[in-house]
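Here are my notes for someone opening this structure for the first time. Please keep the view beside you and follow the points in order.

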Amino acid sequence: MNIALVEYGAGNLPSVERALGRLGVASYRASTPEALADCDALILPGVGHFGALMRSLGERSLVKPLREAVSRGTPLLGICLGLQAMFATSDEAPGDAGLAMFPQKVSALPPGDRLPHMGWNQLRRARPSKLLEGVPQDAYFYFAHSYAALEAGEAGVAYCDHCASFVAVLEQENIFATQFHPEKSGPVGARILLNFVRQAGARG
Amino acid sequence: MSLAHRIIPCLDTDGERVVKGVNFVNLRDAGDPAALAARYNIEGADELVVLDIAASRDHRPTFLETIRSVARELAIPLTAGGGVANVEEGRAILRAGADKLTVNTAAIRNPALLTALAAEFGSQAVVLAIDAKRVGNRWEAFVRGGSVPTGMDAVAWAHQGVDCGAGEILITSMDKDGTRSGFDCPLTAAISRAVSVPVIASGGADTPETFLEVFRAGRADAALAASIFHDSIQGLGALKRYLGEQGVSVRQTG
């Protein structure tokens, strides 16, 4: 198993590495187009700013190789900002184009509850999910964000409610993403990562 | 379905070892940070805070190593801080494995630091820590580990700090810290009303009832405690079960 963690100068790479390591899964950091070409699965972690992430991917010429790997069927897991980057645009950086794997946009969560949405919250499941296999219905996951995708069509498999209903888990063919941080979500988070790794294994 | 109230054990360190004291003085050794972190990770802590209360420049590499050793033990979020005075020091703490950093003294001297940190790392990574003490009919913010008064109103400072970019407030009552006489609910509620971001209450934790009180009357989103957890006076599991029975949304584990 050869899992590439997309490294773009920011993000939460070490904690994702540690979480995979606890599952006995080896990973490597990929910061060049070549490094993205030959892997069984890709993880795009993320914390920070949508615009900074997209510019950073652009400067490293990683946008096209990422899209190509996904077209080839390589499983991709986006985490937090990594989920948001899969959309066309974001309120956070109106001038910057996202990876546009989904046509919808990322919105600022409207006022209502405390923001940032920070802490442990539960999910509302809308469709069968591979990532959530074996995860109890009432499980809590760790969120830390102020922006979110409110809609993702058929790809939205689980939602969360805080200020608004937003996409918490996204799945479409070989594309997977979570708005929460599985690497920070204790045993249930580890199960999500394991489920993703199994997708990569099933394919290989 | 709603956001759970968080229970957060805090490791006050001298950079290397966990220490504890009453009202910020008479510090004594209370254990190995990584060992305590491993314990709290399993027992159901929702997050961990590790602070360098000595915050001396000489000890900074040691503290960064402490953050690394603590982060290795955790599958939950980690917040770290103590003496962070600029973006580069913040970056070093986050690179060492923290998800969020706390700033205190330097932010009061230079509120623009909060803006710079938020621009660089996002507000969700910037926790403004305020040490407050009752002075007359208001609460005053203190700095340098609670030793120096600032003349600033703690509630007004919290509001300003959020405007500058802080994504969370960690409010410590110096009157309550180390006394095990309950959280300062009026202070916490005043801060909570003044800001739109989550508020972590600190200082005075004791029985499960004191946590219930700070979540209800104090309107806290999270509660932090040190010695009652370090000394096993209060177990995390039992505390969360109690809160759940009282109708408080908490993440039950195990």
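1. Start with a pair in chain A: the side chains of A:Glu154 and A:Arg127 form a salt bridge, with N to O at 3.5 Å. A salt bridge here is a side-chain nitrogen of Lys or Arg within 4 Å of a carboxyl oxygen of Asp or Glu. The two residues are 27 apart and link distant parts of the chain: A:Glu154 sits in the loop between strand S10 (147–149) and strand S11 (156–162) of chain A, and A:Arg127 in the loop between strand S8 (124–125) and strand S9 (141–145) of chain A. Helices (H or I, at least four residues) and strands (E, at least two) are DSSP runs, numbered from the N terminus. A:Glu154 is exposed at 63% relative accessible area, while A:Arg127 is partly exposed at 29%. Buried means under 20% relative accessible area, exposed over 50%, and partly exposed in between (1.4 Å probe, protein chains only).

2. A word on the model: this is a predicted model, in which local features need pLDDT of at least 70 and side-chain atom pairs count only at pLDDT 80 or more, while totals for chains, interfaces and linings use all residues. Residues are numbered from 1 along each chain as its sequence is written, chains are lettered from A and ligands numbered from 1 in the order in which they are written, and side-chain values use heavy atoms, leaving out hydrogens and water.

3. How many salt bridges does the rule count over all chains? The count comes to 22. Two of them cross the interface of chain B and chain A. B:Asp99 and A:Lys184 meet through their side chains in a salt bridge, at 2.9 Å from N to O. B:Asp99 counts as partly exposed at 24% relative accessibility, whereas A:Lys184 is buried at 4%.

4. Within chain B, the side chains of B:Arg91 and B:Glu120 meet in a salt bridge of 3.1 Å, N to O. This pair also links distant parts of the chain, with B:Arg91 in helix H3 and B:Glu120 in helix H5 (residues 112–121) of chain B, 29 residues apart. B:Glu120 counts as partly exposed, at 41% relative accessibility. Elsewhere, salt bridges link B:Arg6, B:Glu47, B:Lys100 and B:Glu168 in a network.

5. Now for the interface. Chain B gives 32 residues to the contact and chain A gives 27, where contact means heavy atoms within 4.5 Å. About 2400 Å² is buried between the two chains, with 55% of it from carbon and sulfur atoms; buried area is the accessible area (1.4 Å probe) that two parts lose on being put together, summed over both. B:Met1, B:Leu3 and B:Gln124 supply 30% of the area that chain B buries against chain A, more than any other three residues.

6. Take chain B as a whole next. Chain B has ten helices and twelve strands, and buried residues make up 59% of its 254 residues. Its C-alpha atoms fill a box of roughly 45 × 40 × 40 Å, taken along the principal axes.

7. Finally, look at helix H8 (residues 208–216) of chain B, whose buried residues are B:Pro208, B:Thr210, B:Phe211, B:Leu212, B:Val214 and B:Phe215. The buried residues of H8 pack against several elements of chain B, among them strand S1 (6–13), helix H7 (185–194) and helix H10 (236–245).
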